Every structure is written in C-alpha cells, then in structure tokens.
Amino acid sequence: MSGINYSEKIPNNVNLSEDRTLQRALEHWQPNYLQWWQDMGPDGSQNFDVYLRTAVSVDPQGWAQFGHVKMPDYRWGIFLNPGEQDRKIHFGDHIGEAAWQDVPGEHRANLRRIIVTQGDTEPASVEQQRHLGLTAPSQYDLRNLFQVNVEEGRHLWAMVYLLHKYFGKDGREEAEGLLERNSGNADNPRILQAFNEKTPDWLSFFMFTYFTDRDGKFQLCALAESAFDPLARTTKFMLTEEAHHMFVGESGVSRTIQRTVDVMNQLKTDDVAKLRAAGVIDLPTIQRYINFHFSVTIDLFGADQSSNAATFYSSGLKGRYEEGKRTDDHVLKGNSYKILAVEDGKLVEKEVPMLNALNEVLRDDYITDSKGGIERWNRVIAKAGIPFTLTAPHKAFHRNIGSLSGAKISPEGRVVSEAEWNAKVGEWLPTNEDRAYVASLMGRVVEPGKFANWIAPPVMGINRQPVDFDYVRFN
Ligand SMILES: [Fe+2]
Ligand SMILES: [Fe+2]
C-alpha cells in the first residue's frame with residue numbers, strides 16, 4: 001500500500017489503474033497541468049537538471065530518493081498515507097462514528113470549498129516565485145527553490161485527485177479552475193489575498209516559506225483530523241513535504257542574519273548606511289520584513305469570529321491543530337475563548353463561544369509555533385555578541401481581516417492615532433526604499449560553492465552532499 005507505482009503515467013499509491021474513469025479524467029488534466037508549469041512555473045528553467053528528491057514511498061522512513069531531473073519530467077503523482085483500520089471521527093457532533101470514505105451529501109459544498117481553497121494556494125505560490133531563479137544567491141538555494149516549487153505542484157495534484165475522485169463534474173471543473181486563476185491576475189486572481197502578493201526578492205521568499213508555508217502546515221494539520229478520511233490521508237503526506245519548505249525559510253533567514261552580524265562585527269558598526277554600503281541586510285530591515293510577513297500571514301486564518309469555522313468543526317470537516325492530543329470533550333459546546341477587539345480606543349479581550357472562535361484558536365497555535373524560529377534567529381545575533389532582538393509583532397498589528405481589520409495598532413500592541421501610524425509606519429513595515437535596497441542585492445550567483453555577499457553558506461549541503469555540489473546543471 002505504501003509503495004508508489006512509478007510504472008504508470010501518473011505515479012500513485014491508490015491503485016489508480018483499477019479506476020478507469022478517474023484515471024482517464026486525471027490523464028486528461030495532466031497535459032493542462034504541464035502546460036501551466038511551462039507557462040507559469042519557474043522562469044527559464046525547463047532544461048535544467050536539478051538535484052531533487054522524489055517520493056518513493058509514504059513510509060515515515062526513507063520516502064525520498066535524490067537525483068538530477070528536469071523539472072517538467074518530475075514524477076508528480078498521487079500519494080496518500082495508509083488508511084487507519086476502523087478510523088473513527090474524533091471531534092464534533094459525529095464523534096465516535098466511523099470516518100467517511102465518501103463525501104456525505106450534506107457536507108459536499110463545504111468540503112469542496114475547503115479543498116478548492118487549499119488547492120488554490122499551491123500553484124499560487126509557484127506563480128509568486130517564478131522569477132526568483134533568475135536572482136538566486138547560490139546553486140544550493142536555487143535547488144531549494146525548485147524543490148519547493150515541484151512539491152507545491154505535487155500538492156496541487158493531491159487536491160485535484162480529491163476533486164476528481166469524489167466531486168464528479170463539479171470537481172473536474174474546479175480542477176480546471178485551479179489552473180486558470182493566476183496569482184495577481186486582475187481578472188482572475190487567486191482566492192486568498194496573500195497569494196496574490198508578489199514575492200519579489202529572496203528575503204521575501206525566505207520569509208514566505210518560514211511564515212506562509214507554516215500557515216499551510218497548520219491548515220493541513222487541521223484537515224488531517226478530518227472525518228473525510230481521504231482528505232485526512234492526503235494532507236498527512238503533504239505535511240511531510242511541507243517540513244522542508246519551512247526549513248528553507250528558517251535557515252535562509254538565519255543565514256542572512258549570520259552574514260549581517262559577521263559584517264557588523266568586522267566593521268564594528270550598527271550604522272544602517274554603512275552596512276548597506278557593505279552589501280548586507282541590516283537587522284531593522286529584517287524586523288520590518290518579519291512584521292509584514294507575520295501580519296499578512298495571520299490574516300490567512302480568517303475572521304476571529306466565524307460561523308463557518310463552527311460549522312466546519314461541528315460537522316467534522318476540519319479539526320483543531322493536534323486535536324487528538326487535547327484533553328477536552330472535542331465538542332466544545334458551551335466553551336468560550338478570548339478574542340481581541342478595539343473598544344473606546346483600547347485593545348480589549350472579549351469572551352466569545354469557542355466554536356465561533358476556532359479560526360482564532362488555530363491562529364494562536366500558529367503564532368506560538370512561528371515564534372520559535374524567531375527565538376532561534378535571535379540566538380545567531382546573541383552568539384555574535386550583538387545587542388539586538390527580533391520580535392514577532394503584536395497579533396493586532398497591521399490586520400486586514402476580522403474585528404481588528406484596519407485598526408491602527410503598533411507592533412507592541414498599542415492603539416495609535418492615524419497621524420502616529422503615518423509617522424511611524426516606515427519604522428514598522430518595509431518601505432519602498434527597503435525593498436529597493438534588498439532588490440539591488442539580488443544578482444545571480446551560480447558557480448558551485450559560491451554565495452551572494454548578503455547571505456552566509458549553509459552549515460550542510462542537501463542529502464549529505466557537500467555545499468559546493470553541482471545541485472543544478474544548467475546545460
Ligand atoms: Fe503546499
Ligand atoms: Fe509549502
């Protein structure tokens with residue numbers, strides 16, 4: 001069951017050849033996907049041989065095989081974690097009943113919406129990142145970008161499989177739509193706003209993979225609890241791929257900081273102008289990038305009070321992060337949760353029914369998790385003996401969804417006037433000047449083992465290869 005069949009046109013571990021209708025539908029979608037990859041995937045990279053990992057089984061140990069492949073030849077396919085015998089629904093109104101192997105009619109519309117919304121983010125991030133290969137700081141980084149891109153493509157396949165297999169004609173239409181919407185397209189944009197923003201430079205890419213791929217982790221974890229068993233099994237395997245994306249982000253920011261503090265110590269200065277003249281990214285700019293990506297990403301969890309969130313939970317479609325490890329009744333009727341609101345010019349906590357606040361619960365779990373990496377970045381700064389601390393901004397800072405939407409709140413969580421906001425926003429969020437400076441550093445470095453001046457080399461290569469390994473052969 002866990003072995004993957006690579007002898008078929010579409011690699012899979014779901015016995016695809018036994019379901020002719022589904023196989024035909026997916027084989028019909030496959031050329032459209034490849035066309036999308038040509039048109040919207042990594043720019044100018046089609047002929048490169050890239051040292052990529054490919055899934056060979058879904059076992060926790062040793063699922064990956066590494067080798068040089070051309071990305072259009074990457075074996076995208078359909079991989080599900082093995083099913084659990086007699087799996088039971090373990091939260092919501094159906095708690096204790098058998099998990100669903102098919103979509104119950106009454107939950108069809110909601111499940112389709114959940115799957116389409118998740119599926120839409122996968123190709124969106126590939127589109128957002130499509131020009132970054134032209135300014136890679138090293139072969140090692142270029143390879144990591146491409147690995148993330150092919151796996152986001154694989155995640156799209158995962159969602160398209162569910163749409164084709166369980167949602168009939170509607171599902172097939174939705175699968176086409178996933179290739180028709182495009183990030184930032186004025187007429188046909190991606191569903192969620194964060195996926196229509198640009199990822200213009202490598203600092204943004206690392207921030208995106210640290211913060212926004214982590215949103216992916218939390219959404220997938222919540223879906224991995226689902227009563228709809230095929231969705232739970234699909235998302236479980238996606239999570240194993242997601243871990244590498246967050247590693248790329250965390251280590252990328254960490255190496256950027258490492259290089260900056262090294263130069264700060266060499267030049268014995270924290271003067272931003274001097275550091276910029278030396279070609280590294282000053283720590284206040286890194287803090288502003290954190291503020292931006294953190295705030296934009298926590299909006300992705302949705303409104304702090306949401307009747308949809310309550311419905312999704314109670315009907316068993318979407319659980320909480322680590323639902324199985326929690327010790328409450330997993331029904332949550334009568335429980336309450338604290339959310340934030342601005343009242344009389346002050347930030348106040350309001351107690352609301354927990355079922356309606358489940359977006360906020362997931363957001364808070366995300367915030368705890370994402371702060372861990374910021375602490376690890378601070379250790380790099382502390383080890384260099386530099387008195388500077390990076391922090392996550394307050395949850396209410398720069399929000400655009402829910403009750404805090406549009407409120408003017410400082411990164412420390414103080415309600416400020418419009419005038420103060422306008423005066424200080426350049427200290428809090430990346431300015432045009434910051435972005436132009438970071439953009440000016442982006443130049444292509446492709447010689448094996450060489451790195452752009454603004455970033456330190458990694459401690460280790462990929463798959464125990466040396467750092468100066470030829471991760472990408474340009475042909
Ligand atoms: Fe993904
Ligand atoms: Fe990802």
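Reader: Hi! What volume does the second largest pocket have?

Author: Hello! The second largest pocket comes to about 570 Å³. A pocket here is an open set of points on a 1 Å grid over the protein atoms alone, where a 1.4 Å probe fits, with protein on both sides within 12 Å along at least five of seven lines. Its volume is the space filled by probe spheres set on the points, which are joined across faces, edges and corners.

Reader: Which residues are closest to its centre?

Author: Tyr140, Phe247, Ser251, Val459 and Met460 are the closest, out of 25 lining residues (those with an atom within 4 Å of a point).

Author: By the way, this is a predicted model, where local features need pLDDT of at least 70, side-chain atom pairs count only at 80 or more, and totals for chains, interfaces and linings use all residues. Residues are numbered from 1 along each chain as written, chains are lettered from A and ligands numbered from 1 in written order, and side-chain values use heavy atoms, without hydrogens or water.

Reader: New topic! What are the protein donors of the iron ion (ligand 2)?

Author: There are Glu152 (OE), Asp213 (OD), Glu242 (OE) and His245 (ND1), at 1.8 to 2.2 Å from the ion. Donors are N, O and S atoms within 2.8 Å of the metal (3.2 Å for Na, K and Ca), and sites may look incomplete because water is not among the atoms.

Reader: How are those donor residues spaced in sequence?

Author: The pattern is E-x60-D-x28-E-x2-H.

Reader: Why are Glu242 and His245 separated by about one helical turn?

Author: Because they are three residues apart in helix 6 (residues 229-267).

Reader: Last one: how far apart are the two iron ions, ligand 2 and ligand 1?

Author: They lie 3.5 Å apart, and Glu152 coordinates both of them.

Key:
Helix = DSSP H or I, 4+ residues; strand = E, 2+ residues; numbered from the N terminus.
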